[in-house]
Amino acid sequence: MPLSDIAVSAQSVTKLFGSAEHGLRALDNVSVDIRRNQFFTLLGPSGCGKTTLLRMIAGFETPTAGVIELDGRDITAEPPFKRPVNTVFQSYALFPHLTVAQNVSFGLEMLGRSRSEIRSTTEEMLALVRMEAMAGRLPAQLSGGQQQRVALARALAPRPSVLLLDEPLSALDLKLRKQMQIELKRMQVETGITFVFVTHDQEEALTMSDRIAVMEAGHILQIGSPRDIYERPANRFVAGFIGESNFLEGRVVADGPPARILLDGGQELLADIADCPGTGEAATIAVRPEYVLLGAAEAPGALRGTISNLIYFGTDMHCHVQLDGGEELVARIPAGLSGREKPEAGTIAGVSFAPGALRIVGN
């Protein structure tokens, strides 16, 4: 890939807090390229290293080893104020004594921009975040969502090469958070600025991102589009962390196609499975609940199980099934089913899977 396509590059980055023997290895030899004009998300549980990597790009932390590049330039040792990046924090950090417009224009004034540029850019940014009518208000007079919009406008006003966002939606209620997911993506597209977003929320990542890096214990486990990450997880952690997954353990009787896998519970699964291990090998199979199909218990090739519980979620239901061998699966089915189509707890069912839905995942 040409260098001009890369906005941020981390090369073999390690971060150690404390001594080499007893310290915390927050990042362990992490490498990632973030393309220009892209919404890129660092996703993972608390303590996985995502915020540490973001702080290194911002200049708030220095790598123990490795290199950070911005637009092809080594910025590893540069202080934050020399980097053309801005950061939006979870707390928003607005100046309480300044109006909305003054908060947005503050960074431009510090950069010595002309009055006309400051005025026009401030108006442009307030329009971008749809806060023109609030220009004269103080932060205390704004809701949490409005304060976040002001923080975004202030960070975008100097037109940084990269905007870093450290879990900025986590303090918002669910409905507002969903609205702001759409707004953030709109702003990224309209400005063309590279967004690097940190979150532990899988829905945020899937909704907004062009590419996602899934992190765990200081490592990047997989990088790809939301569809790639969801439909083709690299290992069991990714499959379990992104969305919901069912897992079946077994051993390959014949690698097919179709593959024959003897499940640990004793039933045999017959299916076309990509990248199936060889005969005699252990296999962990992942399948999303929406691809689990329920039918008649005597259906050819179906696994036999008992419906143990039904949980209503409004648009759909989660149907918990215990296979005869003891394994448990969840099927996601439309809530509007009625009559004979609607499953009932305690009944016997045949369990099959949508074509191409089964994935072999490593541990």
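Student: What do the buried residues of H2 pack against?
Tutor: This is a predicted model. In it, the buried residues of H2 pack against H3 and H4.

Student: Which residues of H2 are those?
Tutor: Val100, Asn103, Val104, Ser105 and Leu108 are the buried ones in H2.

Student: And what comes after H2, with a positive phi?
Tutor: Gly112 follows H2, and its phi is near 75 degrees.

Student: Back to the packing. At what angle do H2 and H4 pack, and how far apart are their axes?
Tutor: The angle is about 30 degrees, and the axes of H2 and H4 are 7 Å apart.

Student: Why do you quote both an angle and a distance?
Tutor: Because two packed helices are described by the angle between their axes and the distance between the axes.

Student: Are H2 and H4 roughly parallel or roughly antiparallel, then?
Tutor: Roughly parallel. The cut-off for that is under 35 degrees, and the angle here is about 30 degrees.

Student: Is the H2 and H4 crossing left-handed or right-handed?
Tutor: H2 and H4 cross in the right-handed sense.

Student: Which residues meet there?
Tutor: From H2, Val100, Asn103 and Val104; from H4, Val150, Ala153 and Arg154. By class, the contact of H2 with H4 comprises four nonpolar residues, one polar and one charged.

Student: Let's stay with H4. How many residues has it, and how far does it reach?
Tutor: H4 covers residues 144-156, which is 13 residues, and spans 18 Å from first C-alpha to last. That is close to the 18 Å expected at 1.5 Å a residue.

Student: How many residues of H4 are buried?
Tutor: Ten of the 13 are buried, so H4 is largely enclosed by the rest of the structure. Gly145 is one of them, and the others are Gln148, Arg149, Val150, Ala151, Leu152, Ala153, Arg154, Ala155 and Leu156.

Student: What covers them?
Tutor: The cover includes helices H2 (100-110), H3 (115-128) and H5 (174-191). Strands S6 (85-88), S7 (162-166) and S8 (194-199) are also included.

Student: How do the axes of H4 and H5 cross?
Tutor: At roughly 15 degrees, with the axes of H4 and H5 coming within 11 Å. H4 and H5 are therefore roughly parallel to each other. The crossing of H4 with H5 is right-handed.

Student: Which residues meet in H4 and H5?
Tutor: On H4 they are Gly145, Gln148, Arg149, Leu152 and Leu156. On H5 they are Leu176, Met180, Glu183, Leu184 and Met187. This contact of H4 with H5 divides into six nonpolar, two polar and two charged residues.

Student: Change of topic. Where is Thr41 found?
Tutor: Thr41 is in strand S3, residues 39-43.

Student: Buried or exposed?
Tutor: Thr41 is buried, at a relative accessible area of 0%. Not counting residues up to four places away in sequence, Thr41 touches Phe197, Thr199, Ala205, Ser209, Arg211, Ile212 and Ala213.

Student: Last one. Where is Pro80?
Tutor: Pro80 is in the loop between strand S5 (73-74) and S6. Its relative accessibility is 29%, so Pro80 counts as partly exposed.

Student: What is Pro80 in contact with, apart from its neighbours within four places in sequence?
Tutor: Pro80 is in contact with Ala58, Gly59 and Phe60. As for Arg55, it is 25 residues from Pro80 in sequence and 9.6 Å from Pro80 in space, C-alpha to C-alpha.

Terms used
Residues numbered from 1 in each chain as written. Predicted model: local features only at pLDDT ≥ 70, side-chain atom pairs only at ≥ 80, totals over all residues. Heavy atoms only, no water. Helix = DSSP H or I, 4+ residues; strand = E, 2+ residues; numbered from the N terminus. Expected span 1.5 Å × (residues − 1). Buried < 20%, exposed > 50% of the residue type's maximum accessible area, 1.4 Å probe, protein only. Contact = heavy atoms within 4.5 Å. Axes fitted to C-alpha atoms, helices over the stretch in contact; angles between N-to-C directions. Parallel < 35°, antiparallel > 145°, perpendicular 65-115°, else oblique. Left-handed = near helix turned anticlockwise from the far one by under 90°. Nonpolar A, V, L, I, M, F, W, Y, C, P; charged D, E, K, R; others polar.
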